[in-house]
Amino acid sequence: CDTLEKANSLIHSRPTPICLPNYVAGELRLPSSAATTFIDSFEPKTGALLCRLPCAQQDDVEEAVRHARTAFQTWSKTTRAERSGHLRRVSELLQDHRELFAVWESIDQGKTLERARIEVDRAISNFSYFSTYILHEQTAARMIDGVALTYEHRSPAGVFALISPWNMPLYLLTWKIAPCLAFGCTAVAKPSEVTSMSAYLLGVLLLKAGLPAGVVNIVLGDGPTTGAALVASPLIDGVSFTGGTPTGIAIRRATAHQIRKHLSLELGGKNPNLVFADSMMAPATRERTIRIAASAAFENQGEICLCGSRIYVERTAYEDFVREFTEYVARKYVLRETVGAVASLQHYHKIRGYLELAAEEKATFRLGAVPPLLDKNEIQGYWIAPTILTDVARESALQTNEIFGPVVTISPFEDEEEAVRLANESEYGLAAVLLTTDGARMRRVGEQIEAGLVWVNCWLVRELGTPFGGMKNSGTGREGGDYSRDVFTVVRTLHLPA
Ligand code: NAD
């Protein structure tokens with residue numbers, strides 16, 4: 001298919017499921033390796049087979065990397081204005097096909113159409129932001145005592161492996177592709193095997209956008225085969241990865257002997273959400289507190305790495321908060337309406353396992369229940385209702401492990417000191433939310449939280465130039481604006497006599 005309209009009608013021609021091709025050297029094609037196996041991908045909302053994808057083997061991955069290397073020779077020498085023009089064109093084309101991408105993303109991932117639209121809009125912004133960033137980029141220069149002029153000279157770092165997860169497929173993949181191209185690098189991208197549809201559609205769009213062949217290549221496949229071959233390739237200069245912490249560790253291990261490889265790892269989280277009693281006093285702030293805590297917990301079925309799945313509430317407001325929060329969630333987060341299906345059967349089983357544990361540990365289900373075991377022959381989607389748990393022990397796996405679904409725990413705290421201690425009591429350090437009306441506390445507590453992103457009385461507010469990334473086991477490196485430039489460029493400092 002060379003147009004999105006044709007791709008759309010081809011995918012629609014089910015029940016024969018489409019077999020998604022790779023996008024390599026400017027062509028959409030199936031891998032040539034005789035050893036290629038195929039992966040079935042299912043629709044989370046129905047459990048029906050949606051498409052199949054090839055699992056690219058090492059030689060197919062290497063071929064894509066070679067094309068990216070060849071393209072790097074010319075792409076790295078293009079002017080900023082040229083690259084900016086290409087990115088702008090991609091963002092405009094995405095805008096033109098916004099609804100098509102949103103519909104397939106929603107079908108493929110399980111999220112609501114409304115949520116998918118938000119994410120396509122953010123993917124559009126990824127391209128438009130970096131298309132202008134590179135036109136206004138500044139370089140630091142200093143005169144040293146009239147003796148020498150020094151300045152930073154940056155050049156594109158090379159060919160990148162861009163690997164993304166299944167929770168926000170198009171948005172997270174483009175969050176990597178856009179800066180990679182903007183800074184003059186070329187890419188071999190690999191989406192999650194659970195949600196490859198939007199990456200396929202993006203390949204069709206890039207073809208239409210007239211991007212030079214080989215600048216972006218998209219290979220489909222699983223982590224242990226395709227992802228691992230990509231990361232290990234000696235022709236890859238860097239890896240920008242978003243996904244789980246265990247995979248981040250595997251990537252670090254696999255590249256430990258290749259110091260020159262740039263690594264950016266955006267990993268998992270178990271984010272705290274601190275509710276202070278002052279935020280529950282006045283009706284307006286009370287409403288805001290409940291609303292923000294609920295969206296941070298249940299937006300996209302809790303399948304956002306930044307979701308606040310551990311809520312801690314100051315003891316004096318605890319019972320009021322639990323009651324009102326539960327009523328609000330029951331009203332606003334309705335399965336099949338405002339809450340989608342979870343991404344895969346495997347993920348359904350994982351979340352279900354945690355809810356069984358909650359029942360075994362005698363947690364109180366304020367909302368939700370252990371979802372049914374699905375009979376393989378009668379699956380009608382992977383639906384898990386929003387679940388609110390209280391009376392969960394601090395050391396329970398429910399409080400320490402990333403569940404990554406529509407499940408939240410609520411626990412009380414006595415004072416500010418305990419709130420900070422509880423928030424930081426985690427191997428992760430990705431994000432946190434503070435809900436308080438006390439201005440001094442916002443800074444006092446905010447500056448002690450061990451998290452790369454702290455939101456006060458808001459959640460998910462982002463400007464693409466701000467640093468994005470986690471502390472502790474939530475990752476290394478930051479992305480966004482200048483921080484993405486650090487990922488995708490190498491810097492040398494030049495000293496010239498004055
Ligand atoms: P995952 O780590 O299982 O997979 C992510 C990607 O890595 C997939 O494309 C997968 O095929 C690939 N992969 C797996 N093993 C690999 C290997 N050995 N080498 C190379 N690639 C490999 O994660 P997931 O289950 O797809 O996504 C959920 C996780 O992603 C959660 O932990 C979530 O918090 C995290 N996440 C983090 C952020 C962030 O910005 N920090 C954003 C979204 C999701």
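This is a predicted model: local features need pLDDT of at least 70, side-chain atom pairs count only at pLDDT 80 or more; totals for chains, interfaces and linings use all residues.
Two residues count as in contact here if their C-beta atoms, placed from the backbone, lie within 7 Å.

Take Val 275. Leaving out residues up to four places away in sequence, Val 275 touches Thr 289, Ala 293, Ile 311, Tyr 312, Val 313, Glu 314, Ala 317, Phe 321 and Leu 435. Val 275 is also one of the residues with the most contacts inside the largest nonpolar core, along with Phe 160, Ala 187, Leu 201 and Ala 293. That core has 146 residues. Its largest share comes from helix α6, residues 169–182, which supplies 10 residues.

Next, the sheet. Seven strands make an open sheet in the order β15-β16-β17-β14-β13-β19-β20, and the pairing is mixed. Which strands stand at the edges? They are β15, residues 364–367, and β20, residues 453–456. Each has a single partner strand, so one side of each has no neighbour in the sheet. From one strand to the next, the twist averages 25°. Helix α11 packs on this sheet and touches β13, β14, β15, β16 and β17. The direction of α11 makes about 140° with that of β14. At one end of the order, β15 and β16 pair antiparallel over three bridges.

Strand β6 covers residues 141–144 and β7 covers residues 148–156; they run antiparallel and are joined by four bridges. Met 143 stands opposite Leu 149 in β7.

Most residues other than glycine have a negative phi. Arg 336 is not a glycine, yet has a positive phi of about 75°. Arg 336 sits in the loop between α11 and α12. Is Arg 336 buried or exposed? It counts as exposed, because it has 12 C-beta neighbours inside 10 Å, and the cut-off for exposed is 12 or fewer. The other case is Asp 391, with a positive phi near 60°. Asp 391 lies in the loop between β16 and α13. With 14 other C-beta atoms within 10 Å, Asp 391 is partly exposed.

Glu 266 is in strand β12, residues 262–266. Why does Glu 266 count as buried? Because it has 27 C-beta neighbours inside 10 Å, and 20 or more is enough. Beyond four places in sequence, Glu 266 touches Phe 241, Thr 242, Gly 469, Gly 470, Gly 475 and Glu 479.

The other is Ala 294, in helix α10, residues 283–298. Ala 294 is buried, with 24 other C-beta atoms within 10 Å. Apart from neighbours within four places in sequence, Ala 294 is in contact with Phe 325, Tyr 328, Val 329, Lys 332 and Tyr 333. As for Gly 243, it is 51 residues from Ala 294 along the chain, and their C-alpha atoms are separated by 24 Å.

That is where I will stop.

How values were computed. Residues are numbered from 1 along each chain as its sequence is written. Helices (H or I, at least four residues) and strands (E, at least two) are DSSP runs, numbered from the N terminus. Two strands pair if DSSP finds at least two bridges between them. A nonpolar core is a set of buried Ala, Val, Leu, Ile, Met, Phe, Trp, Tyr and Cys residues joined through C-beta atoms within 7 Å. Axes are lines fitted to C-alpha atoms, for helices over the stretch in contact, and angles run from 0 to 180 degrees between N-to-C directions.
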